[in-house]
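Please keep the sequence and the coordinates at hand while reading.

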Amino acid sequence: RGAVQAVAGALADRFGPARVLVVGVFVLALGSALTPLLTSSFGFVLTLGILTAAGSGAGSFSVLIGSLARALPAAHRGTAAGIITAGGSFGQFVFAPIAQRLIFMWGWFGAMWWLAALTLCALPLVRPIGGRAARGTGATVASGGGGIGLALRNAFRNRSYLLLHGSFLTCGFHIAFLVTHLPGEVDLCGLPASVASWSLAIIGLANIAGSFAAGWLLGRFRGKDVLSWMYSSRTMLILLYLAAPKNEWTFYLLAVGLGFSWLGTAPPTAGVVGKLFGMRYLATLYGMTMLSHQIGGFFGAWLGGLAFSYSGNYLWMWYADALFAMIAAFLNLPIREPRVERGAVPA
């Protein structure tokens, strides 16, 4: 999915977001529809591992935030990015019980086909997004001389951009570790599985508020400062969790705190990229940071499993997570983020 987000962002910058989003919707629906028909290991890898991941990646933050940012004045870009990020969490919150109900009524075969049909319902939403972004593109094309290749070369020579990649990689590590291994941690603490499911649900709800807050803060503070605060809060919350008694309320409070910065890092990261390089290739350049995020996610899930296999618990992973969050907080401090006056026109 991470690799697809980078490619999808580049395609959206080159051909416009509407085509990329339409293809993504169809690929996601196709993956869901084919899953019940291809039940071998290869079939599951093809449908769930490739098609659905590619489809969801084509409609991810890199395309949506990058496209709409060009159509909005600078003062409103952070809010828009926060709304988009919150929408992802809200969708997870809404569709999880819907999927569960569909499985109960139709079995998992029927549920997958229903989900494929529901995915196609997103197609009417593409037209207004594509039209709005297209109207904003005209003001930015002139500043994009040299093409995507030159934009990428210049970005990867920029120290601030590389620091963003480093901090976003640790963000992916943190999120994947928790999503994958929080149920195991709950079980190790002798608590029922419902505590894990409720904790993950609370994280999703708290992230809605956190994403809105991140967008609001971007209108008042520099993005790099918002990111540093968020990563620092993760370190403090993890250390407090390790010192606290392991009961259900500890997990619920941890979920509220961590959920507030869960994907709230996405709007400030996109905002800093936009300030550094302008809006013309934001989808491409932000998509590349999302690739780093997903690489970090791979290591968070994988190393969590290794830690449990060798030690029988996740203690050292919690310490590593706290350390990486603090490193991410410090990585954002030396970023040279230009100041953009409120009310400025799109770059």
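This is a predicted model, and its mean pLDDT over the chain is 83, with 88% of the residues at 70 or more. Two stretches need separate mention. Over residues 135–144 the pLDDT stays under 50, and the model has eleven contacts beyond four places in sequence for them. Residues 342–347 also have pLDDT below 50, with 15 contacts in the model beyond near neighbours in sequence. Where pLDDT is low, the predicted coordinates should not be read in detail.

What elements make up the chain? There are 14 helices and zero strands, so the order of elements from the N terminus on is simply α repeated, as α-α-α-α-α-α-α-α-α-α-α-α-α-α. Of the 347 residues, 48% count as buried. Among contacts between residues at least 6 apart in sequence, 83% join residues at least 24 apart.

The largest nonpolar core has 60 residues, and within this core Tyr286 and Trp318 touch the most other members. Helix α8 gives the most to the core, with eleven residues. Leaving out residues up to four places away in sequence, Trp318 touches Phe177, Leu178, Glu185, Ile238, Tyr241, Leu242 and Leu254. A second, separate core has five residues, including Ala214, Leu217, Leu218 and Met230.

Two of the residues named in that second core, Leu217 and Leu218, are also contacts of Val226, together with Phe221 and Pro268, when residues up to four places away in sequence are not counted. Val226 lies in helix α10 (residues 223–243). Is Val226 buried or exposed? Its relative accessible area is 1%, under the 20% cut-off, and therefore Val226 counts as buried. The C-alpha atoms of Val226 and Gly215 are 9.8 Å apart, and the two residues are separated by eleven residues along the chain.

Thr35 sits in a loop, the one between α2 (17–34) and α3 (41–58). Thr35 has a relative accessibility of 1% and so is also classed as buried. Which residues is Thr35 in contact with, leaving aside neighbours within four places in sequence? They are Phe44, Thr47, Leu48, Trp108 and Met112.

Rolling a probe the size of a water molecule over the atoms shows where empty space is left. The count comes to one cavity of 30 Å³ or more, and the volume of the largest cavity is about 40 Å³. Which residues line the largest cavity? The lining consists of Leu178, Leu182, Ser199, Ile203, Phe251, Leu254, Ala255 and Leu258. Leu178 and Leu254 in this lining are also contacts of Trp318.

Helices α8 (159–188), α9 (193–218) and α11 (248–260) each supply at least two residues of this lining. The largest share, four residues, comes from α11. By class, seven of the lining residues are nonpolar, one is polar and none is charged.

How values were computed
Residues are numbered from 1 along each chain as its sequence is written. This is a predicted model: local features need pLDDT of at least 70, side-chain atom pairs count only at pLDDT 80 or more; totals for chains, interfaces and linings use all residues. Side-chain values use heavy atoms; hydrogens and water are left out. On a 1 Å grid over the protein atoms alone, a cavity is a set of points where a 1.4 Å probe fits but cannot get out, and a pocket is an open set with protein on both sides within 12 Å along at least five of seven lines; lining residues have an atom within 4 Å of a point. Grid points are joined across faces, edges and corners, and a volume is the space filled by probe spheres set on the points. Ala, Val, Leu, Ile, Met, Phe, Trp, Tyr, Cys and Pro count as nonpolar, Asp, Glu, Lys and Arg as charged, and the others, Gly among them, as polar. pLDDT is the predictor's confidence in each residue, from 0 to 100. Contact means heavy atoms within 4.5 Å. A nonpolar core is a set of buried Ala, Val, Leu, Ile, Met, Phe, Trp, Tyr and Cys residues joined through side-chain atoms within 4.5 Å. Buried means under 20% relative accessible area, exposed over 50%, partly exposed in between (1.4 Å probe, protein chains only).
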